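This report describes a ligand site, a chain interface and some local backbone features. The sequence and the structure come first.

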Amino acid sequence: MTAAEEATVASENGDESGETLELRNIVKTFQKPGQGQILVLDEVDLDVEAGAFISLLGPSGCGKTTLMNVVSGLIEPDGGTMRRGGRDVSPDDLSLGYIFQEPRLLNWKTVAGNIEFALEARDVPEAEWDERIERYLEMVNLADEGDNYPTRLSGGMKQRVAIARALATEPEIMLMDEPFSSLDEITARDLRQELLDIWNREEKTILFVTHDINEAVFLSDYIYMMNTDGEMFARRDIDIDRPRQYDDPDIAQREAELYKEFHEQVVD
Amino acid sequence: MDRLTRYLYTVASIVTLLALWYAGGVTLPEVVPGLPETYTALVVVLTTPGPYDHMFYFHVWKTIQMLFASLIVSMIAGTLLGVALGRSETLESTLATWVYAWLAIPSLVIVFVSAIWIGFDASSGYFAIPLVITPFVGLNMWEGARNLDDDLAEMAEFFGAGRVQTFTDIIIPQLAPFLFASFRSALSIGWKITLLVEAFLLTRGVGFMFRRYFDQYDLPTMMSWLIIFVVFLIVVEYGVLAPLHERVMEWRPDAEGVRVTE
Ligand SMILES: Nc1ncnc2c1ncn2[C@@H]1O[C@H](COP(=O)(O)OP(=O)(O)OP(=O)(O)O)[C@@H](O)[C@H]1O
Ligand SMILES: [Mg+2]
């Protein structure tokens, strides 16, 4: 069987994992006091290829979080479609994990309790909880912190708990909204490496938001670039072999190219 | 400050107060009930059958009953009111003025009007006291509901948490500090109103005892009843509220538990 035939069989069975999630012409406007309607997403197209590491790059306020919220189903777009394997899908049909821009942990629950919260919400059978908590806390190197409270963890540790919480629901696609932007560079580099290991091992699809060009180039298979008018103005592939090194001159060069493109967008 | 020092300061403050009281009783016997006389009166109140052949705890119990029944009603009504105000802009703009107006009504007026409407019996107390304290609870919970974290609500929605789970795991823990603050202020206001009701309308309870011994000009016995109830309230605070508060707020970072700061 060829790959194309396999894909057809898969979609006939209703199993569309392995197919690309295609967002087309997504439009979202917000009502802003004093400014009237503002267009935050202007006919945005986005392809989320299965198994890929995709970054969404853009300056602050351009609509990155809004787009993630559309994919996750937290906000309803004013227009546009989401398709996969040739048919319309809604966020409810997707298996998603979301790591928000802030850790968004429940401070009154232990680390393990926070993961349980998500498992309970997702109706995971209680018999599986302990095993999953252990497995995913270990994956983010927090095996010993299960009984600790988030208020006693550092910022980086909290972000790891948020990652473990998302992983524990065993999603196919992970949405990550600037998860490392509030961390110092040393911690962020460690976490990026861990994330790439997990992505490799668990064969996840990751849609990663950032405003850091270097981070996007280091992590991604391909990058979408947005401007402040809410337009997705470019998609660029990053064909640099993995594992990548921060001091790789190829990365620096690609970063410079992308920066130039951004700059030209702003000047226009 | 460590435990022992704190304990010493508490003891020192009590001793100072007693000394001042004693001195006051000696120099101004008309105004301040003497310390030894009050002690004797307290022993009498605690050990002998009171009016109507009842021991002191009958009256204390009646007061507690009325106070706590009112507190339960007010906590529920006030929380519902406050959360409704904090979560709905329509209700907030419709009702805010009236809540402030309600707060402005003197409690004495509420007590008297209740007596006229309902009569000189316990029912007017059960009506008037919740009516006085509910807006205070409402005001507190209003503030709490206004500060609910939308980000956490969004997180719960994303993971698909149901109503019950959202309420118990997201909403209640955020309201907990406000519930404690509300209960404390409701307790201290409520007890004063209960006393007022008992003194003016009823023939039992601590308030009635005040009135009775006021009529007899018996300052030391009035003082004894005050001491009994103040001690009770302190026991409630240190024996119930404070430990409970500490347990519920266990997750808060304490000086030693903090490992790393952000
Ligand atoms: N709920 C909302 N109501 C009104 N306006 C909103 C709302 N959410 C976002 N916006 C506006 O939409 C625009 C895009 O916001 P968004 O949060 O998507 O930006 P972002 O790209 O994620 O920025 P950052 O990098 O700073 O997180 C901003 O101008 C913001 O003010
Ligand atoms: Mg954002």
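## Ligand site

In this predicted model, 13 residues surround ligand 1 (a residue is near a molecule if one of its heavy atoms lies within 4 Å of it). The closest are A:Ser60, A:Lys64, A:Thr65, A:Thr66 and A:Glu178. By class, the shell holds four nonpolar, six polar and three charged residues; Ala, Val, Leu, Ile, Met, Phe, Trp, Tyr, Cys and Pro count as nonpolar, Asp, Glu, Lys and Arg as charged, and the others, Gly among them, as polar. Strand E1 (21–32), strand E2 (36–48) and helix H2 (64–72) of chain A each supply at least two residues of this shell, and H2(A) gives the largest share, three residues. Helices (H or I, at least four residues) and strands (E, at least two) are DSSP runs, numbered from the N terminus.

Several N or O atoms of chain A lie close to oxygen atoms of ligand 1 and are listed here with their distances. The side chain of A:Thr66 has an N or O atom 2.6 Å from a ligand oxygen, and a polar side-chain atom of A:Glu178 is 2.7 Å from an oxygen of ligand 1. For A:Cys62, a backbone N or O atom lies 3.2 Å from an oxygen atom of ligand 1. Ligand 1 taken alone exposes 630 Å², of which the protein buries 67% (accessible areas by the Shrake-Rupley method, 1.4 Å probe).

## Interface of chains A and B

Contact, meaning heavy atoms within 4.5 Å, links 24 residues of chain B with 30 residues of chain A. The two chains bury about 2,600 Å² between them, with 61% of it on carbon and sulfur atoms; buried area is the accessible area (1.4 Å probe) that two parts lose on being put together, summed over both. On the chain B side, B:Phe158, B:Phe159 and B:Trp251 lose the most area to chain A, together 33% of what that side buries.

Three salt bridges are counted between the chains, each a side-chain nitrogen of Lys or Arg within 4 Å of a carboxyl oxygen of Asp or Glu. One of them joins B:Asp151 and A:Arg104, at 3.5 Å from N to O. Helix H7 (150–159) and helix H8 (163–201) of chain B each supply at least two residues of the side that touches chain A. H7(B) gives the most, with eight residues. That side divides into 11 nonpolar, four polar and nine charged residues.

## Chain B fold

Chain B has 10 helices and zero strands. Its C-alpha trace spans about 70 × 55 × 30 Å along the principal axes.

## Local features of chain A

Over all chains the count is 28 salt bridges. One is formed by A:Glu185 and A:Arg189, whose closest N and O atoms are 3.1 Å apart. Both residues lie in helix H6 (residues 185–202) of chain A, four residues apart, about one turn of the helix.

The peptide bond from A:Arg242 to A:Pro243 is cis, with omega near -10°. A:Pro243 is in the loop between strand E10 (232–237) and helix H8 (249–267) of chain A. A:Glu43, in strand E2 of chain A, has a positive phi near 50° although A:Glu43 is not a glycine.

## Conventions

Residues are numbered from 1 along each chain as its sequence is written, with chains lettered from A and ligands numbered from 1 in the order in which they are written. Local features need pLDDT of at least 70 and side-chain atom pairs count only at pLDDT 80 or more, while totals for chains, interfaces and linings use all residues; side-chain values use heavy atoms, with hydrogens and water left out.

Note on methods:
Polar contact = N/O pair within 3.5 Å; in protein donor to acceptor, adjacent residues only side chain to side chain.
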